[in-house]
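Let's take a friendly walk through this protein chain and look at which parts of it meet. Keep the 3D view open as you read.

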Amino acid sequence: MQGKTYIKTILPLRLEWEPCYWFDPSSVSPAAALKTGSRVKVRFAGRYYIGVVSATGVVPDVEDSRILPVVSADTGLEDISPAEIRLWRFIADYYMCTVGEVYKAAYPHLKLASEQVRARAVRMKEAREAREEELWKSRIERLKTRLAAKDKALSGRHGAEVTARLRQERTAIAGELYAAQARLAALGKDIFPDSCEEDPGLARISAAPPEQGLSTALASGKPVLLKTPERCPSYISAAALTLRKGRNVLLLVPETGLTGNLGKQLREAFGDLLLVHHSTLTQVQRRRISDAVRSGRPYIVLGTRSAIFLPHRDLGLVIVDSEQSPFYKQGDSSPRYNGRDCAVMLASIHAAEVLLGSSSPSLESLYNCITGKYILLDRSVPDNPGSFTIVDTNAEKRKNGMIGTFSRKLLAACRDAGCVALIRGYEKEEDLRPELDRLFPGGSAKFTVLTIPQAWKSDLAGFDLVVLLSADALFSPDDFRSDEHAFQFLDLLRHSCGKVFIQTANPGAQVFGMTDASVLLEERRTFKLPPYTRLVDILAPGIGATERVTLPRNLSVGQRKKALQRHVQDFCRKHSFKGNVILDADPL
C-alpha cells in the first residue's frame with residue numbers, strides 16, 4: 001500500500017456502495033491533484049466511466065489486490081462542487097435511490113460528452129498555444145537582438161543617408177517586435193467567452209424598488225408561499241434585490257412552454273443576466289449555460305426542474321412558480337424526485353431565500369403554512385362570476401340543448417369569441433375536428449384543441465375563450481388526489497384568460513363550489529392521507545406489481561428505511577420477485 005492514496009468515487013450507476021480506487025500522488029500533476037469533487041476516469045466491471053471523487057485518504061475495507069488504479073486523474077473536466085454533492089445525497093436519501101442514479105440524472109451521457117468535447121478543445125488549444133508561445137518568445141528575443149544592434153549602429157557617426165536608412169530599419173524592427181509582443185499577450189484568452197462580459201442589467205435593476213411586504217417575509221428565513229395569479233412583478237422585485245446583493249437567482253417553472261411570456265418579462269427586467277435552461281436546448285447551449293453559471297458572473301436562471309442540477313454558485317434566491325404543478329415530479333425513471341421540494345433543499349444548502357408561487361397552492365405547501373414551516377402571503381383576488389360558466393350537460397340533453405359535443409350556450413360563446421382553446425376530456429380529436437368543421441364552416445381554424453395535460457403545460461393567456469368540454473375527465477375514484485388536481489386545474493383556467501366555459505355531467509361536484517382547499521385538507525386529515533402522512537410506492541419492473549405503503553410523517557430517515565425494508569421483503573415474497581424493486585417516494 002506504500003505510495004498509494006485511496007479514494008472513493010460516485011459512478012453513474014445504481015450501486016449501493018461507492019467503489020474504492022487508488023492512485024500514486026507523485027504521478028499526478030499539481031493541477032490534477034485529486035480532492036472531493038474531482039472527476040476521474042476509472043474502470044468498473046470492464047467498462048470505463050467518469051466518476052466523482054467523494055472521499056480521499058480513505059482506508060480500504062477490501063484486499064488491496066482487488067482495488068483498481070485510477071485510469072486518469074487529469075480529465076480536464078470541471079470539479080463538482082460540495083453543494084452539488086450535498087444535493088445529490090439529499091435526493092438519494094429522500095427518494096430512496098442511489099447517489100449514482102442522481103449523478104447520472106445530473107450529468108447524463110450527452111451532457112458529459114459535451115463537456116468532454118470542450119475539455120479536449122481546451123487541451124488542444126493549450127498545447128497549440130504552448131508551442132506558439134515558445135515560437136513567439138524565440139522570435140521576440142531575435143527581434144530584441146536585432147533592435148539592439150540597430151541602436152548600436154545608430155550611436156555611431158554616419159552620413160545623413162545612412163542614418164536615415166538605419167532609423168527606417170530600426171522602426172520596422174520595433175514594429176515587428178511590438179506586433180510579436182501583442183500576439184504573445186493575446187495567447188491564452190478564453191475560446192468560449194461569455195456572451196456578455198459587462199452586462200447593463202445590473203445597472204438597470206439598481207433602480208427597481210423592493211416590494212416591502214415580500215422582502216420582510218423572505219428575510220424571516222422561512223420559505224414564503226405567495227398565493228396570487230399575478231406573480232411576475234413580485235418575482236422581479238425579489239430577484240432584483242437578490243442580484244443587487246451580489247447573489248444569484250434560480251426561477252423554476254414546471255414546463256418548457258411556460259418559459260415564453262415569463263422569460264420575456266424577465267429579459268426586459270434583467271437583460272443578458274437571464275439564462276434560460278430547458279430540454280429543447282442543444283447540448284452545446286446547455287453547456288454554455290453551465291459555463292456561465294460557473295464563471296462567477298451574476299445570473300438569474302429560468303428553467304425547468306433539471307435546472308436544479310446546474311453547478312450553481314452562491315444562490316441567494318430560489319423561486320418555484322406554479323409550485324402545485326404535478327409536472328415537477330419526475331415519475332418515469334430514477335431518481336423519482338420532485339423538483340419543487342429539491343429546489344427548497346437546494347436553497348437550504350446555499351442559505352438562499354425561497355419563494356413559492358401559485359394561485360392555487362398544493363396541499364403540502366398549505367400544510368407547511370399551517371404548521372409554521374412556511375409563511376403565507378395571500379394576495380388572492382375575488383373571482384369574477386361572469387368569467388366562469390358551468391353548464392350541466394345532462395340538463396341540457398333533457399332540454400334538447402346539446403348539439404353533438406357542444407351545448408347551445410357553448411356554441412354561442414364560441415361564435416362570439418376570437419381564439420378558442422378547446423380542452424378535450426373524453427372526446428377524441430379525430431371526432432372533434434370534423435364536428436368543428438361542420439358547426440363552424442370556414443371558422444374552425446380559430447380553435448386550438450388540447451388534452452388536459454397539454455393545457456396544464458401551456459400558457460393560455462392568449463386565448464379569448466378557454467373551454468373544458470368534459471370536466472368529468474378530471475375526476476378518478478381511484479385517485480385521492482383527483483379533487484385537488486381538478487381544483488388546481490380549474491383555478492388555472494379561471495386565472496389564465498378572461499372567459500372560461502366548463503361542461504360537466506356532475507355540476508354538484510364539490511370542487512366547482514370551492515373557493516379554497518381547506519375542505520380537501522380536512523378530508524386528508526380524516527383519512528390519514530398526505531400531507532399528514534407519507535406514501536411510498538413499491539414497484540417491480542417487468543411484472544407490473546405495485547404496492548403502496550403509508551408511513552407516519554414524523555419518522556426519521558433510519559426508521560423509514562427499516563420500515564420500508566420490511567415491506568419490500570414482504571412484497572418480494574408475495575410476488576416471488578428476485579430483482580431490484582423501485583421505491584417511489586411521494587408519488588402523484
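This is a predicted model: local features need pLDDT of at least 70, side-chain atom pairs count only at pLDDT 80 or more; totals for chains, interfaces and linings use all residues.

From H3, the residues Leu110, Lys111, Ser114, Glu115 and Arg118 take part, and on the H9 side they meet Gln283, Val284, Arg287, Ser290, Asp291 and Arg294. Sorted by class, this contact of H3 with H9 has two nonpolar, three polar and six charged residues.

How are the two helices placed? H3 covers residues 109–154 and H9 covers residues 283–294; they pack at an angle of about 70°, and their axes are 10 Å apart. That angle makes H3 roughly perpendicular to H9. The crossing of H3 past H9 is right-handed.

Two of the residues from this contact, Glu115 and Arg294, turn up again in a network of salt bridges that also includes Arg39.

**Salt bridges across the chain**

Side chains of opposite charge can pair when their charged atoms come close. How many salt bridges does the model have? The count comes to 30. Here are some of them, with the distance from N to O:

| Pair | N to O distance |
|---|---|
| Glu169 and Lys150 | 2.5 Å |
| Asp314 and Arg247 | 2.9 Å |
| Lys329 and Asp584 | 3.0 Å |

Let's take them in turn. The salt bridge between Glu169 and Lys150 links distant parts of the chain, with Glu169 in helix H4 (residues 160–186) and Lys150 in helix H3, 19 residues apart. Is Glu169 buried, exposed or partly exposed? Its relative accessibility is 28%, so Glu169 counts as partly exposed.

Next comes the salt bridge of Asp314 with Arg247. Asp314 sits in the loop between strand E9 (300–303) and strand E10 (315–321), while Arg247 sits in the loop between helix H7 (232–244) and strand E7 (248–252), so this pair ties together parts that are 67 residues apart in sequence. Both partners are partly exposed: Asp314 has a relative accessible area of 39%, and Arg247 has one of 21%.

Then there is the salt bridge that Lys329 forms with Asp584. Lys329 is in the loop between E10 and helix H10 (339–349), and Asp584 is in strand E22 (residues 582–585), so the pair ties together parts that are 255 residues apart in sequence. Are these two buried or exposed? Lys329 is buried, with a relative accessible area of 9%, and Asp584 also counts as buried, at 8% relative accessibility.

**Two buried residues in helices**

Now find Leu87, which lies in helix H1 (residues 82–94). With a relative accessible area of 2%, Leu87 is buried. Which residues does Leu87 touch, leaving aside its neighbours within four places in sequence? Leu87 is in contact with Ile308, Phe309, Cys342, Leu346 and Ile349. Take a look at Cys342 in particular: Leu87 and Cys342 are 255 residues apart along the chain, yet their C-alpha atoms are separated by 7.7 Å.

Finally, look for Thr393 in helix H12 (residues 393–398). Thr393 counts as buried, because its relative accessibility is 10% and the cut-off for buried is under 20%. Not counting residues up to four places away in sequence, Thr393 touches Met402, Gln503, Thr504 and Ala505.

Terms used
Residues are numbered from 1 along each chain as its sequence is written. Side-chain values use heavy atoms; hydrogens and water are left out. Axes are lines fitted to C-alpha atoms, for helices over the stretch in contact, and angles run from 0 to 180 degrees between N-to-C directions. Helices (H or I, at least four residues) and strands (E, at least two) are DSSP runs, numbered from the N terminus. Angles under 35 degrees count as roughly parallel, over 145 as roughly antiparallel, 65 to 115 as roughly perpendicular and the rest as oblique. A crossing is left-handed if the near helix is turned anticlockwise from the far one by less than a right angle, and right-handed if clockwise. Contact means heavy atoms within 4.5 Å. Ala, Val, Leu, Ile, Met, Phe, Trp, Tyr, Cys and Pro count as nonpolar, Asp, Glu, Lys and Arg as charged, and the others, Gly among them, as polar. A salt bridge is a side-chain nitrogen of Lys or Arg within 4 Å of a carboxyl oxygen of Asp or Glu. Buried means under 20% relative accessible area, exposed over 50%, partly exposed in between (1.4 Å probe, protein chains only).
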